Amino acid sequence: MKTKTLYSAVIAVSIFFFMGCENENDINESGYLVPKTVDEDPSIPSIFVNGTQLHSETFGNPTNPMLIFLHGGPGSDYRNGLNVQQLAKEGFYVVFYDQRGSGLSKRHDKKSYSIQLVLDDLTEVIKYYKTSPSQKVFLFGHSWGAMLASAYVNQYPNSINGVILAEPGGLNKKLLDEYGEMSRKINIFSEVTSNLLYVDQFITGKENQHAILDYKYGISSSFTYAKGNDEGIPGPSPFWRIGTTVLESFVAISENEGFDFTTNLDQYQTKVLFLYGELNKSYGLTFAQKEASYFPVSEIAEVKGTGHEMIYFKWENVEPLVLNYLNNLK
Amino acid sequence: MKAIIALIVFLISLLTTHISQAQTINWESLEKNQKHILNLNAGWDYSFVYGLSYGYHLKTELPIILESSISLASGEVIFDDFKTKIGGQIHVYQIKNFRFNASLHGIYRRYENPLVTLQNFGVDAGVVIGYYEPKWFASGEFGFDKAIVTHFKHSDIYKDVYPDVKNGWYEPSTGGNFNFGVQGGYSFDRSDITLRAGKVMTQDFKTTPLIPFYVQLGYNYKLD
């Protein structure tokens, strides 16, 4: 019995000292696991529009034609799209913002989100930065951002002077499901699947514990660039914070209400540029043609040597295509 | 918190001299002289896992089994994601063939992906109520798994995402999940073939894990 007690005491003391080597952190403390948002850190550049505070930056002469970059997600941020700022040197006023609840923008409750609300945010961002009524406005959307750009011209076909859509994941629910089936195949025995799912017993997070939920989704993002992924993503690309609440909210809207951003696209008479990555096996020319067919005038271009994250990994191949399109509409 | 964890470890270690998840056991077929229970299992426990456990049957008035187990998550890297448990289960009450059992385990588990390595100390507790015959049994189970304190160590990939991220131990609890389901089995000679399945919900009862189910197929071999 003495040996048993001694053995147990040694284990317990060892663990006490092992754990005592480092300070304890509060899981609920802001800024410990994910960055603070604009409402928590005043040093982050932001704008107040439409009842929220958005993380936002601009590059270039404010009187030049405006190019607004719309990041993917929903819930991701514009950090991996910052290469687009190079278009400022080509005579464009480049505007970035993290969408409502995404990246470093202010978080909101799950039930507050709607498609119309994020469209209204974009209207207010355009108003905020527009310096004259005649200033042209272009949208450059990537993934979910391209879906959002399509939704915007579907609703306001006369307010945008040109649109670049880099692999929108589906302009309506049917196409989104189709893309999802092609791009998210799971092998239950694989390391990738364990990396995505096993963490659910370590970190849960309640509905209002935004930072924990954002962190958990963020560390699960390695799933997207796992070896052999169908979207042709070669590795990690940077992000600030993934807004899990906004992502879950829009997934619920999609599942419960559905969506269709194509109903009025025949009214948008300006040529639309579609981009797809050569290495994204889930998208390709066929899917691009399917999506482009909703627009009266479109051009489809393949970006060589890259997959879905073309703006971060192969900007040198994206820029000439985008610049050529924009200069013809400038 | 550190002191509490150390105390829990001390008590569990003290109570379980034979370093040994609760095993799925047919109490009706377990004979008094059968001391050792070896178990192999596989199934879905947050991801696909393979498990091994050992149980030691104490000669006490209320039947107690001290247990230790390890389960490994499937994947190309074997020992990056795993869970170990140490504890026991007790047969508390019986009315004819109906039995009431309870279990308690200390947990140490590890998770690693390209962005972070997590180590967690936790505890699970559960109850099993069912009908037991010598050749078969069927029961219902309910349990709670609490991730009490977790150590975070981030890779350079995550430090690129957020350079100010803080490594170290995090508390209070980083998570907790309830599970409820059924278990059953067939017994022959010294063996049991068992099956458990059920649903998992997070502790706020509002959300679930990405795959909110568990299932486990097991085989027990009992030795004197």
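Hi everyone, let's start with one residue: A:Ile126 lies in helix α2 of chain A. Before going further, please keep in mind that this is a predicted model.

Is A:Ile126 buried or exposed? A:Ile126 has 20 other C-beta atoms within 10 Å, and because 20 or more counts as buried, this residue is buried. Which residues does A:Ile126 touch, if we leave aside its neighbours within four places in sequence? The contacts are A:Ile68 and A:Val137.

Now let's step back to the helix itself. Helix α2 of chain A covers residues 115-129, which is 15 residues. From its first C-alpha to its last it reaches 22 Å, close to the 21 Å expected at 1.5 Å a residue. Its buried residues are A:Val118, A:Asp121, A:Leu122, A:Val125 and A:Ile126. Why do these residues end up on the same side of α2(A)? They cover an arc of only 135 degrees around the axis, so they share one side. As background, an α-helix has 3.6 residues a turn, so residues three or four places apart point the same way. On the other side of α2(A) you'll find A:Gln116 and A:Lys127, which are exposed. And what does the buried side meet? The buried residues of α2(A) pack against β2, β4, β5, β6 and α3 of chain A.

Eight strands of chain A make an open sheet, in the order β2-β3-β5-β4-β6-β7-β8-β9, with mixed pairing. At the edges are β2 (46-49) and β9 (298-303) of chain A, each of which pairs on one side only. From one strand to the next, the twist averages 25 degrees.

Let's look inside that sheet, at β6 of chain A. Strand β4 (residues 66-70) and strand β6 (residues 137-142) of chain A run parallel and are joined by five bridges. Across that pairing, A:Leu67 stands opposite A:Phe138, and A:Leu70 has A:Gly141 as its bridge partner. With β7(A), β6(A) again pairs in the parallel sense, over five bridges. There, A:His142 is partnered with A:Ala166 of β7(A). Helix α3 (residues 144-155) of chain A lies across β4, β6 and β7, and runs at about 140 degrees to β6(A).

One more helix, please: α10 of chain A, residues 315-329. This helix has 15 residues and reaches 21 Å from first C-alpha to last, close to the 21 Å expected. A:Val318, A:Val322, A:Tyr325 and A:Leu326 are the buried residues of α10(A). Their arc around the axis is only 95 degrees, which puts them on the same side of the helix. The face turned away from that side carries exposed residues, including A:Glu316, A:Pro320 and A:Asn324. The buried residues of α10(A) pack against β6, β7, β8, β9 and α9 of chain A.

Last, a word on annotation. An unreviewed UniProt entry places the feature "domain: Serine aminopeptidase S33" at residues 66-173 of chain A. That span is 26% helix and 19% strand, and its end C-alpha atoms lie 30 Å apart.

Methods
Residues are numbered from 1 along each chain as its sequence is written. Chains are lettered from A and ligands numbered from 1 in the order in which they are written. This is a predicted model: local features need pLDDT of at least 70, side-chain atom pairs count only at pLDDT 80 or more; totals for chains, interfaces and linings use all residues. UniProt positions are given in the numbering used here, feature names are shortened, and annotations may be inferred rather than shown by experiment. Helices (H or I, at least four residues) and strands (E, at least two) are DSSP runs, numbered from the N terminus. Two strands pair if DSSP finds at least two bridges between them. Axes are lines fitted to C-alpha atoms, for helices over the stretch in contact, and angles run from 0 to 180 degrees between N-to-C directions. Two residues are in contact if their C-beta atoms, placed from the backbone, lie within 7 Å. The expected span of a helix is 1.5 Å times one less than its number of residues. A residue is buried if 20 or more other C-beta atoms lie within 10 Å of its own, exposed if 12 or fewer, and partly exposed in between; C-beta atoms are placed from the backbone. The arc is that of the directions from the helix axis to the C-beta atoms.
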